[in-house]
Amino acid sequence: MATTLITGGTVVSATGRGAADILIDGERIVALLEPGSTVLGANLAATADTVIDATGKYVVPGGIDAHTHMSMPFGGTTAADDFETGTRAAAWGGTTTIIDFAVQKFGERLQDSLQTWHEMAAGQCAIDYGFHQIVGDVDKASLQALRDLPGEGITSFKLFMAYPGVFYSDDAQILRAMQVGADTGLMTMMHAENGPAIDVLVSQLLEQGKTDPYYHGIARAWQLEEEATHRAIMLADLTGAPLYVVHVSAKQAVAQLASARDRGRNVFGETCPQYLYLSLEDQLGAPGFEGAKWVCSTPLRSKHEHHQDHMWQALRTNDVQMVATDHCPFCMKGQKDMGVGDFSKIPNGIGSVEHRMDLMYQGVVDGKITLERWVEITSTTPARMFGLYGRKGVLAPGADADVVVYDPAGHTSIGLGKTHHMNMDHSAWEGYEIDGRVDTVLSRGKVVVGGGEYRGRKGDGRFVRRDPCQYLI
C-alpha cells in the first residue's frame, strides 16, 4: 500500500497537544512518531510515497458532523444539497464523516425508508457516512423494526415532539420507543419543542398579520423548548433510555440537561454554530424577507437574553457535549420564498456543513474554548457518542487516516464566491472572517482537499457501521 508521512506539525487531541509525525499506510494510521524518527535505519521522509509538510500547523482528527440532512424532504420541497454536493462541501471544510438521517414517512415501513436512504447515498459521497433513523410513524411494526437496527450498524433513532401531522410523536409513542431504546442500547435523539403549542402561536400570529420571518422565532418561544426538553428527560428517566437532545438553542433547555446529568442520568445535548453566533434580532429580524435565510428549528434566540454566551459556556463546562450543524439547506429562490407572506411556510434549515470546523476554531482564537476542546466537540465526542471511536475521532495506530492539517496563520473568508461549495444561492455565513484555514484534508489516507484544490470524487466515501454509544455515564 502507499505510505504517507505527515511531518512537522503539532498533533492535537481532546486531551493534549505535541510535536509528532504521523505515518499512514493505505487507509490507516500505523504510527505516531517522534519528529524525524527513522525505522530500521530508514529516513521515513525519504522513503514514504507522499510527504505532507505540516510545519507551523495543527494536525487534528477529521471532523465528524453527526447531524446532517442531505436530500431531506421538508415543507413541500427537498434540501438543496444531495449526498454528492453536501459531502464535497463537508470535505472542503475539514469534515470527513457525516451521520445523516434515514426518514420514515407516515405509513411507510421503517425498513423501506432505510433502504431508500442507502440507495440515495451509495456511490455518491465524497467522505464516509452513517445513518440515524427518523421514526415518523411509531406503531407496533416500527417498534419491532427498531430492534433490528443495531444489526444494520445503526445505533440511534430520532423522534420529534414538534411538527404535528408530519413527524410528531405523542408522549405515549415516545415512551414506547424509549422502552425499546432502553432494551437495545439504541440512543434516542429528540427534537424537543412543544409542537401543538407552537401551532397555536403560529395561527395567532398569522391572524394578527405578523407574517415576517422574525415571527418564526416568536412562535417557537424558549419556554416551549425548555418544557419539551424537561418532558423528554422525564420519559428517559422513567424508561432508563439514553437521551440525546438535538440542536439545543435556549439556555433554559441547557439548564434542564445539566440538572439531569447532575443526577447521574445519561442525557446529552448538541448545539449548532447558528446558536453560538446568530440571533433573533440580527438575522431573523433582517429587513423584508431577508430573515428567511436563517429560519431553522429550534430558532435563533435573542441576543439580549444572552443565549449565545450561555451556549459557549455550556460547551466549556460540558453541559453541552458537542457541536453539529443540522445542515438542511434551502435556496432563497424557489424554496425559502415559498413563505413570503406566511413565515410558517418557509422551509426550516440552514447550510453550515462546510463551515463548522472553521467557526468553532474561531472560538479558540476568541478565547471561548481551548484548542483541545475544539477537537473534542467537533470530532472525538461525536465519535464516542455514536459508536465510531477508535476508527474515527482520534489520531492513533489502527484508526482510519481521517486527518486535517489546519493552518492557524491562514485566513478564511466565508461567503458566495469565496469559500462556499454548498448547493445554495446564498450563505447564512456571508461576511464571516475566520483566523485560520483548512490546509489539507485526508479521508482514509487519500488527500481529498489540498493545495487549494478538491482532489476527491463522489464514491470515495463508504457507509460506516456504528457500535453503541461509547459515552455513557
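Colleague: Which residues does Phe 131 touch, not counting residues up to four places away in sequence?

Modeller: In this predicted model, Phe 131 touches Phe 83, Ile 99, Asp 100, Phe 101, Ala 102, Leu 114, Trp 117, His 118, Ala 121, Ile 154, Phe 463 and Arg 466, with residues up to four places away in sequence left out. Phe 131 belongs to strand 14, residues 128-134.

Colleague: Why does Phe 131 count as buried?

Modeller: Its relative accessibility is 1%. The label needs a value under 20%, so Phe 131 qualifies as buried.

Colleague: How far apart are Phe 131 and Thr 155 in sequence and in space?

Modeller: The two are 24 residues apart in sequence, while their C-alpha atoms are 8.7 Å apart.

Colleague: Now to Ser 156. Why is Ser 156 called buried?

Modeller: Ser 156, in strand 15 (residues 156-160), has a relative accessible area of 0%. Since the limit is under 20%, Ser 156 is buried.

Colleague: What makes the pairing of the Ser 156 and His 132 side chains a polar contact?

Modeller: The distance given for these side chains is 2.6 Å. The cut-off for such a pair of N or O atoms is 3.5 Å, so 2.6 Å falls within it. Ser 156 also touches other residues, among them Gln 133, Phe 386 and Arg 466.

Colleague: Which strand gives the largest share of the side of domain 1 that touches domain 2?

Modeller: Strand 23, with five residues. That side of domain 1 divides into 16 nonpolar, six polar and eight charged residues.

Colleague: How do you know that domain 1 and domain 2 are in contact?

Modeller: Contact here means heavy atoms within 4.5 Å, and 30 residues of domain 1 meet this with 24 residues of domain 2. The area buried between the two domains is about 2,200 Å², with 64% of it from carbon and sulfur atoms. Ala 14, Tyr 432 and Tyr 454 supply 25% of what domain 1 buries against domain 2, more than any other three residues.

Conventions:
Residues numbered from 1 in each chain as written. Predicted model: local features only at pLDDT ≥ 70, side-chain atom pairs only at ≥ 80, totals over all residues. Heavy atoms only, no water. Buried area = accessible area lost by both parts, 1.4 Å probe. Helix = DSSP H or I, 4+ residues; strand = E, 2+ residues; numbered from the N terminus. Nonpolar A, V, L, I, M, F, W, Y, C, P; charged D, E, K, R; others polar. Buried < 20%, exposed > 50% of the residue type's maximum accessible area, 1.4 Å probe, protein only. Polar contact = N/O pair within 3.5 Å; in protein donor to acceptor, adjacent residues only side chain to side chain.
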